[in-house]
Amino acid sequence: MLLTFTIFTPLVFALILLFVRDIKQVKMITLTGTLVTFMLSLGLILPVGHPGSRTSLAQECNENGKIGTLLQQLKTDPETGFSTYTQGLERDVKIMKSVEQSDFAHQLRFVEFVPWIPSFNVNYFLAVDGLAITMILLTTFLCLVCLGAAWNMDKSLDHNTHQPKYKGMRAFFILYLVLEAGLIGVFSSMDYFLFYVFWEVVLLPMYFLVGVWGGPRRIYAAIKFFIYTLAGSLLMFIALLYYYLATDKGQGGTFNVVALTELLPKHFSTATTAGMLCFVGLYVAFAVKVPVWPFHTWLPDAHVEAPTPISMLLAGILLKMGGYGLLRFSYGFMPQQAYDLATYIAILGAINIVYGAYCALGQTDFKRVVAYSSVSHMGYLLLGFAAMTKIALDGAVLQMINHGISSPMMFAVVGIIYDRAHHRDLNRFGGMAVQMPKYAGMALVAFFASLGLPGLNGFISEMLVFFGAFNTRVGEAANGDWWLVFTSVRFWTVVSTVGIVLTAAYHLWGYQRVFYGKMKDPHYKEFKDLSGTEWATLIPLAFFCVLLGILPGIALKYVDEPMRVIQNNMIRHVPEYARLVEEERAEKERQARGGAIAVDTNLTPVYVEGK
Amino acid sequence: MLLEAAETATNALQGVVGLPQESYRALAGIIGNDTLSYFAPELVICVAMLLVLLVDVSDKLRSPRNLMLVALVALAAPALMILGKWGGEALFFYPAWGNLAQYSNLEGHISLQPDSHMLVFDGFANFFKVFVLASGLITLGMIHLDKGTPRRSLGEMLTLLLGSVLGMMLLASATNLLMIYLSIEFMSLASFILVAFKRRDRKGTEGALKYMLFGAVSSGVMIYGISLLYGMAGTLDIALIGQRLAQVNDPLAIAMALMMVTVGFGYKMSIAPMHFWAPDAYEGAPTPVTAFLSVASKAAGFAVFIRFIDAMSAQSTGNALPIINWVSFVAVIGAVTMTVGNLTAIWQPNVKRMLAYSSIAHAGYLMIGAAVVAAGGEIGGEAGARIADVGGSATAFYLVAYCLMNFGAFAVVQVVANETGRDDMNAFDGLFKRNPTLAVVMAILLLSLLGIPPTFGFIGKARLFMAGLEAAQAGYPIMTVLLVIAAVNTTVSCYYYFRLIRGMFITPGEAATANRPLIVSNTGWLMAGGSAVLTLALFVAGSFFIGPADEARLKRRPHLEGAAMPQHDQGHVEVKRGDGSKG
């Protein structure tokens, strides 16, 4: 029940807020709500609590387990009358039980399984693996931290009219909590239909949060965000229904992600039009969220117009929904198509990295710079996915986590200066390091974490992605025409390295224009340094920037297993990829016989003596 | 238990309306068979129409309350009769077929000739009848809510409403082109007057005139098509026509005839390009009438259209008709309809007009279901029949969702119009300030119309899309294209639904009224709030209406005795063919 509690706690607190009018109480209740949710989500990793909750799905599927019992009940209950449903569920459970083939089921924890729409085999099926755990923790953590940026929104005055700038803050916090519930739901659903429901539920509060409390062009930005995402997700929806029908062998199809991960790769093992269309449909849905060029244009608008806490959540978690979806669904369900299209994904990743950084370089609006830096950073995800090596996949997921910490911190930094200066024009700042030294220090952490300085978190994940992607042989052509070099993922990795330079350039140049040089406005002399809530927002983020830079293992620990499962899934279902992996292993052995230092797929250097 | 209650109520009601079982049987005996009992719901409405008129002229009884009460009973009783009668095994809509065989050798048809039937009482017809009756009941609530309709002419309005409902019920079970034509005319004539009900209102008169002109033209075209079909097949029974046409070798004449008949249905369903009357009629009509027309009339149109497609395709004959590719035809008009509806809705400054165009777009979405029926018909055999049934029940299911959200949205429009006297977009500005609950209710209903979770409209759309994909998998790639177009259209529709949501939540209202709370009557809450709550509740209980909708199955007559073309008619056919191709 832990997952259900985690999802519905914010909703319960949102309901409570309906009956509270005093803004101070509203804020305290919201804080309590997010704090309780965070505590509950910590239960996913802490070795405390009910021991039964740590059983894996495989155990739950035993006849004595929860799902087995449910199945028995349905079978013996003649009144239910859902015979096809029982058959469908039986099939699903059988698949989930066959864990010797699917270690995916083995790693799923905190299982909850309740029938929802029996005639379509839709279930309220929650479970998490390491990937989902990291994402849920990121969600609950950020929702707690971003509250710091939202804390004084009700007190901030409009620059010109000196009226309160944000009205109706109670509704803001209600929507904020609904958003959190939706986000946790997205990452914990193991039923695709349920996932889709949560996916759409996230959209609505976001529309209002941007549209009501945003900047001058908020309405345009909000509807653009909504339409882009909706267009993508409807394509995903068609693909989702196709999956259901594709798995229908007379007993109804399934939306069960575990069953789909087992059944669909076989269904899509040959290159068919349907498979390609499904992959593209899913890809568009997730690419809009990530966002991948050319679907990225909603992002600068939405990020810039949204109020600071919402920009932080957008960059921190909503973008990760796309990456999560790509890994879990696109790569899980259709590894063959993912392998076939790896080159294109790598090209798009390279475009994202270079183009995003290049755009960021040209912006004068501080927030736009950060927004485009998100586009650039998300490119590493695609590159890592396309490379398909274990290290690159690990790096890509770690990049999701790291960006989820450093990018909100960047937005917080922008928000702090915007609150004081009421503009974000980089060319009109200057000299802030003198006026606000503490702020400059914290901003430095954010900038360098985002830039990828060794010792801070961004460096590790980018390094892992590049390391993995340089070593991949995916997309390499067999024969030797010179232009076929363009089809290899490795080539596009090389191209992407241009992005590193550009990234360093826009970060350093941006920092320089804000913090160094002469103050362009005497007015800046009045600026106060960081306040209590601002410290409360920045310190936890900075802490994790440093911590994950030094000890990336604490996050990688959770990522390792899911990525191994995804890779195994790939090896099992894509013969070409299995051959590549096998050749690579043989190559290593050959090198090792020569007494070289080899690096195995887990990034562990092994020294093997020569014969 | 519910079942027994329904049956008891049915019996009681039969007593009330003066048709006790015995006299009923006697009446049936005079006519010569027992199938009349299946016609009882329609008879109840006929009686009630007269009763309403009588109450209306009596000085003693005449009061809005009495009139409403009679209409309420007149709509609820037939619904209960239909629900109760077929309640032997389950509550909803079991086909009458099996039961009927015991009573008569006519296999459940009220017929004029042995091989040609007028009405059929199958699960499909029952579903749509109950649907229409339920819409009528909701419309009564809307009329109660409406402050604009003159109270002294309430009797006339209710009579016309009942007449329209009667026409729709007949249309839902009509299986004969003559019956179809008569029912369409019956419901249309009643609705023309309903649209023009506010006599001094210029917009209403204009809308009614356009409605009538379009109606006249399209029934003219339709009856020409009917005459061509009769000339070629020598019968008016659509099932027989479907089987006999397979033996007529004149694709052009057949295609012409079928398209002409489709024009008549298309006008009722308000699909492009027969949709031009809809926005004007919807805007001009009193809001309850608009809501009623946009839901019930459309549903009746779809009922008969699906029955017609099903009869005109191969599965009843076993061999494909090489005449008209129904799947492509329906898919294309569906795609055009939803695109036209959505793109035009974007520019509408009036909420009723916007909802009118949105209802056109929804007709386009519903065409997905019709196209699936067509695909099933083309496939033929058991598998084809299954796919056709999936299409039919998906349409039925979506209509339930559509009924709920559309009536709810119109109820909110009515509530706002009661207060402000306006129904343009700006009347909704700042609604959140004036009545937050009402704004949230409207937002839920609009999101349901848009078809995204967590609303019932989403489940309906999922069902429809799934049916479409099933047809696509059975070898109709055009269905995939149609679904993608539908998805793109849904995205487009998001723009105008959100324009209203933006107005309610973001745009500040007019200064004069911005802070004055908007009062909503109890009926208003019941209608608007009730539909919003149901929209959410039925999402959580997602499977609730799936069972009943699955029972909405067409009963087919696979092997008809009169299927072979009568020999002496062959000469006629040749002559007619010459006429047809000239025409």
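User: How many salt bridges does a search of the whole structure find over all chains?

Analyst: The search gives 25 salt bridges over all chains. The model is a predicted one.

User: What makes A:K224 and A:D301 a salt bridge?

Analyst: Their closest N and O atoms are 2.9 Å apart. The cut-off is within 4 Å, so the pair qualifies. The two residues belong to distant parts of the chain, with A:K224 in helix α10 of chain A and A:D301 in helix α13, 77 residues apart. Both A:K224 and A:D301 are buried.

User: Why is the pair B:D423 and B:K352 called a salt bridge?

Analyst: The N to O distance is 3.9 Å, and the limit is 4 Å, so the pair counts as a salt bridge. B:D423 lies in the loop between α16 and α17 of chain B and B:K352 in helix α15, so the pair ties together parts that are 71 residues apart in sequence.

User: Why is B:K352 called buried?

Analyst: Its relative accessibility is 3%. Buried means under 20%, so B:K352 is buried.

User: Why are A:R564 and A:E561 called partly exposed?

Analyst: A:R564 has 29% relative accessibility and A:E561 has 30%. Both values fall between the 20% and 50% cut-offs, so both residues are partly exposed. These two also form a salt bridge, with closest N and O atoms 2.8 Å apart. They lie three residues apart in helix α25 of chain A, about one turn of the helix.

User: Is A:T537 buried or exposed, and what does its side chain reach?

Analyst: A:T537 has 4% relative accessibility, under the 20% cut-off, so it is buried. This residue is found in helix α24 of chain A. Leaving aside neighbours within four places in sequence, its contacts include A:V145, A:M312 and A:A412.

User: How many salt bridges does the rule find across the interface of chain A and chain B?

Analyst: The rule finds zero there. The count of residue pairs in polar contact between the two chains is one. Chain A and chain B bury about 3000 Å² between them, 87% of it on carbon and sulfur atoms.

User: Which residues and which helix stand out on the side of chain A?

Analyst: A:F120, A:I238 and A:L245 supply 19% of the area that chain A buries against chain B, more than any other three residues. The largest share of the side that touches chain B, 16 residues, comes from α10(A). By class, that side has 28 nonpolar, two polar and two charged residues.

Note on methods
Residues numbered from 1 in each chain as written. Chains lettered and ligands numbered in written order. Predicted model: local features only at pLDDT ≥ 70, side-chain atom pairs only at ≥ 80, totals over all residues. Heavy atoms only, no water. Helix = DSSP H or I, 4+ residues; strand = E, 2+ residues; numbered from the N terminus. Buried < 20%, exposed > 50% of the residue type's maximum accessible area, 1.4 Å probe, protein only. Contact = heavy atoms within 4.5 Å. Buried area = accessible area lost by both parts, 1.4 Å probe. Salt bridge = Lys/Arg side-chain N within 4 Å of Asp/Glu carboxyl O. Polar contact = N/O pair within 3.5 Å; in protein donor to acceptor, adjacent residues only side chain to side chain. Nonpolar A, V, L, I, M, F, W, Y, C, P; charged D, E, K, R; others polar.
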